[in-house]
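I am opening my notebook to write down what I looked up in this structure, one topic at a time. The sequence and the model come before my entries.

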Amino acid sequence: QVQLVESGGGLVQAGGSLRLSCAASGSIFSINNMRWYRQAPGKQRELVADITSGGSTYYADSVKGRFTISRDNAKNTVYLQMNSLKPEDTAAYYCNADFCYSSGSCFGSWGQGTQVTVSS
């Protein structure tokens, strides 16, 4: 059983910064990609950023240049540094990761989410 626990959300003014963390725990053999998604009220969940085990990254166009995803493989933790926040970044942010067994089979898991609210 694995668990993803997010932290770091909160209320911030437009132009401010927040850093989200997501720590994985449990019986982990390896973690492939780790991702951050977000879901605003009334909208579909969308991929914000993705990072491979080797450190290659992907960003949604809406956050490119403002958000930075990183990971600490020794701590099984992924981070999302969010700068120049805008009111449209307000959403629940969810961590997602691909966990793999030594057999090579993998499965995805989600965190419980952390709320980010950006005031104008």
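How many disulfides does the structure hold? I looked this up before anything else, keeping in mind that the model is predicted, and I found that the structure holds two disulfides. As a reminder to myself, a disulfide is a covalent bond between the sulfur atoms of two cysteines.

**Entry: C22 and C95**

I noted that C22 is joined to C95 by a disulfide, with 2.1 Å from S to S. The pair links distant parts of the chain, since C22 sits in strand β3 (residues 18–26) and C95 in strand β9 (residues 91–100), 73 residues apart. I then looked up the turn about the S-S bond, which is -85 degrees, and the link of C22 and C95 is left-handed.

Are these two cysteines buried or exposed? I wrote down that C22 has 0% relative accessibility and therefore counts as buried, because the cut-off for buried is under 20%. C95 is likewise buried, and its relative accessible area is 0%.

**Entry: C100 and C106**

I turned next to the disulfide that joins C100 to C106, where the S to S distance is 2.0 Å. The torsion about the S-S bond of C100 and C106 is about 105 degrees, so I recorded this disulfide as right-handed. C100 counts as buried at 6% relative accessibility, whereas C106, with a relative accessible area of 43%, is partly exposed.

**Entry: the chain as a whole**

Which elements does the chain contain, and how many of them? I found zero helices and eleven strands in the chain, so that reading along the sequence gives me the pattern β-β-β-β-β-β-β-β-β-β-β.

For the overall dimensions, I noted that the C-alpha atoms fill a box of roughly 50 × 25 × 25 Å along the principal axes. I also looked up the radius of gyration, which is 14 Å for the chain, and this agrees with the value near 14 Å that a compact globule of 120 residues would have.

Of the 120 residues in the chain, 42% are buried. The accessible surface of the chain comes to about 6200 Å², and carbon and sulfur atoms account for 46% of that surface. Among contacts between residues at least 6 apart in sequence, I found that 55% join residues at least 24 apart. For the charges, I recorded 10 positive and 8 negative ones in the chain, with their mean positions 2 Å apart.

**Entry: R66 in its loop**

Where does R66 lie? I located R66 in the loop between β6 (57–59) and β7 (67–72). R66 has a relative accessible area of 11% and is buried. Leaving aside the neighbours within four places in sequence, I listed the contacts of R66 as Q81, M82, N83, S84, L85, K86 and D89.

I looked at N76 and found its phi near 50 degrees, which is a positive value in a residue other than glycine. N76 lies in the loop between β7 and β8 (77–82), and N76 is partly exposed with a relative accessible area of 25%.

S84, one of the residues in contact with R66, has a phi near 50 degrees, again a positive value in a residue other than glycine. I placed S84 in the loop between β8 and β9, and I noted that S84 is partly exposed, with a relative accessible area of 42%.

**Entry: G8**

Which residues does G8 contact, once its neighbours within four places in sequence are left aside? I first located G8 in the loop between β1 (2–7) and β2 (10–13), and noted that G8 counts as partly exposed at 32% relative accessibility. With those neighbours left aside, G8 is in contact with L18, R19, L20 and T114. Finally, I compared G8 with Y93, and the two are 85 residues apart in sequence and 10 Å apart in space, C-alpha to C-alpha.

How values were computed:
Residues are numbered from 1 along each chain as its sequence is written. This is a predicted model: local features need pLDDT of at least 70, side-chain atom pairs count only at pLDDT 80 or more; totals for chains, interfaces and linings use all residues. Side-chain values use heavy atoms; hydrogens and water are left out. Helices (H or I, at least four residues) and strands (E, at least two) are DSSP runs, numbered from the N terminus. The radius of gyration is taken over C-alpha atoms; the globule rule is 2.2 Å times the number of residues to the power 0.38. Buried means under 20% relative accessible area, exposed over 50%, partly exposed in between (1.4 Å probe, protein chains only). Contact means heavy atoms within 4.5 Å. Accessible areas come from the Shrake-Rupley method with a 1.4 Å probe; for residues, only the protein chains shown count as cover. Lys and Arg count as positive and Asp and Glu as negative; His and the chain ends are not counted. The place of a charge is taken as NZ of Lys, CZ of Arg, CG of Asp or CD of Glu. A disulfide is a pair of cysteine sulfur atoms within 2.5 Å.
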